Amino acid sequence: MAKNRIFYALTVLACLIFSMAYTGRISFILLMTVLCYPVLAFILAVIQLLCVRADFCDNRVSAPKETLFNIKISVRNNFIFPAVPIELMCGLPDEEIGLFADKRIFVSLPPFGKTELPVRSKHKFRGNYTAEIKRIYVVDPLRIIRVSKKCRNTLSVTVLPRKLELQNLLFRSAVEQSFSQKQLNSADKEDFSHVREYRDGDILQMVHWKLTAKQDDLMIKQFDSISDLRAVILCDYHQSNDTNGMAYADMIIETAIAFVKAALDKGIHSTVDFGDPNTAPQFINDAGTFDAFYELMSVIPPDIETESFCPMIDEIDKSRAAILVMITPEINEDILERARSAAQQVTVFYAYLNIENCPLEYDFSDERFLFLNILGTDENALNNAADKLVENTGEQ
C-alpha cells in the first residue's frame, strides 16, 4: 500500500506540472479527478465497511491436539460494489507453530456476495481457548485508502487430549497378583450384586461356576462399585507449574486417560486423583463416566492448586485397590520409598514422565514395582515405555 501511495503522489505531481504547462480544460479535469479520488474512495470505503459482515460459522469447535482442523469464517458483502479485497485480522491457532497467533485473511466478494472460508488450524496443547475476528479492513481499488472497524466475534475452541493406547501392558496379571483378599472373601460368600459375561482380563476367582455350567458360557460375579474399586491413578499435577508446564500437564492427563481406558477395556474400575482440594477424585466404571472424565480432562487448566504428591500416596486405602498408578515427572527417595511400600500390597506402576530424556540415576530392575520410563511427549512415547517394561519383566 505504501508503494501505491507514493505512485499516487507522483501522479498528482505530474498532473500539477501538466496543468501548469498546459493551461487547458483537460489538464484541469485530470488534476481535479486525481485530487478528488481519495475523498470519493474514502466515502465509498466507509460505506462498504459498514456493509461488510464477518463471523464464525460455528459457536464451538472441538478437535484433538496436534491434528489439523478447519475453522470456518463466513464473510458477506451487502454493498452494490464488489469488495476487492476485504482483510480480516484474526486470532487463530496457527497451522505451523501450533499456537494462537494473529493471522491476516484476504477475501474478495462480488456485489451482495457471501462466502465461507475454511482456515486450517492446529494446536499443540489441550485446553479451552477463544478464537477471535478482531478487525475488518476495506481498501479502495487503487489501494491508497484503508479503513477498518473492530469486530469482536469469538469462537470457543476446545483442544482435546490425545487418547493414547496401552496395548501391550497387561492388566490381567496385575489384577490376579494383587486382587484384595477382602474381595476374594466376599466372592466366596456369594456376596455380589449381579453377574455378567466374561471379558478379557477378568480373574478366574470371580467366575460364577454354577451359572457357567448352566449357560455354557463363562459368567463373572460383579460387585457393587464400593467394593469393586480396583485401580487408583495418582497424578503429580503440581509439577505442571514448572518449566515445560503445559507439556507436563498434557502428558500427565493423557497418561492417566490411557491407563483408565486400558483398565476399563479389561473391566477394571478406576479412580483418578489430581490432589486438587476443590475437585473430587474421578471414578470411572463405564463408558458414560469415561466420557465425562475425558471431557473434564479437556479443559482442566495446568495451574490448579494441588497438594504434594507423597501425602496423596499415603492417603490411599490399599485394601480396596489392586493397581496403583503413580504418574509423576519426578524421581526422589520419598516417592521411591512409598512405591516400594505400596508394591508389597498392590501392583504399582511408576509412570515417570521423562520429557527431557534425562539419564536415570536409579536401577529399577530389582524393584517390585513396574517402572515406565516415558521419554518425550510424542504419541509413541507411552507405548514405547510399556513395550520396554513388558520386555524387561518377561511378559508376553
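A polar contact is a pair of N or O atoms within 3.5 Å; within protein, one atom must be able to donate a hydrogen and the other to accept it, and residues adjacent in sequence count only if both atoms are side-chain atoms. In this predicted model, local features need pLDDT of at least 70 and side-chain atom pairs count only at pLDDT 80 or more, whereas totals for chains, interfaces and linings use all residues. Residues are numbered from 1 along each chain as its sequence is written, and side-chain values use heavy atoms, with hydrogens and water left out.

A polar contact joins the side chains of Lys103 and Asp94 at 3.3 Å. Lys103 belongs to strand S5; helices (H or I, at least four residues) and strands (E, at least two) are DSSP runs, numbered from the N terminus. When residues up to four places away in sequence are not counted, Lys103 touches Leu88, Met89, Cys90, Leu92, Pro93, Asp94 and Val119, a contact being heavy atoms within 4.5 Å.

The protein chain as a whole contains 10 helices and 16 strands. Of its 396 residues, 47% are buried, where buried means under 20% relative accessible area, exposed over 50% and partly exposed in between (1.4 Å probe, protein chains only). Among contacts with a separation of 6 or more, 67% are between residues 24 or more positions apart.

Aromatic pairs were also examined. Rings of Phe, Tyr and Trp (its six-membered ring) pair if their centres lie within 6.5 Å, and planes under 30 degrees apart count as stacked, over 60 as edge-to-face and the rest as tilted. The count by this rule is 11 aromatic pairs. One of them is formed by Phe259 and Phe349, whose ring centres are 5.7 Å apart and whose planes meet at 55 degrees, so this pair is tilted. Phe259 lies in helix H6 (residues 245-265) and Phe349 in strand S15 (residues 347-354), so that the pair links distant parts of the chain, 90 residues apart. Phe259 and Phe349 are both buried. The rings of Tyr350 and Phe371 have centres 5.5 Å apart and planes at 50 degrees, and this pair is therefore tilted. Here Tyr350 in strand S15 is linked to Phe371 in strand S16 (residues 370-375), 21 residues apart.
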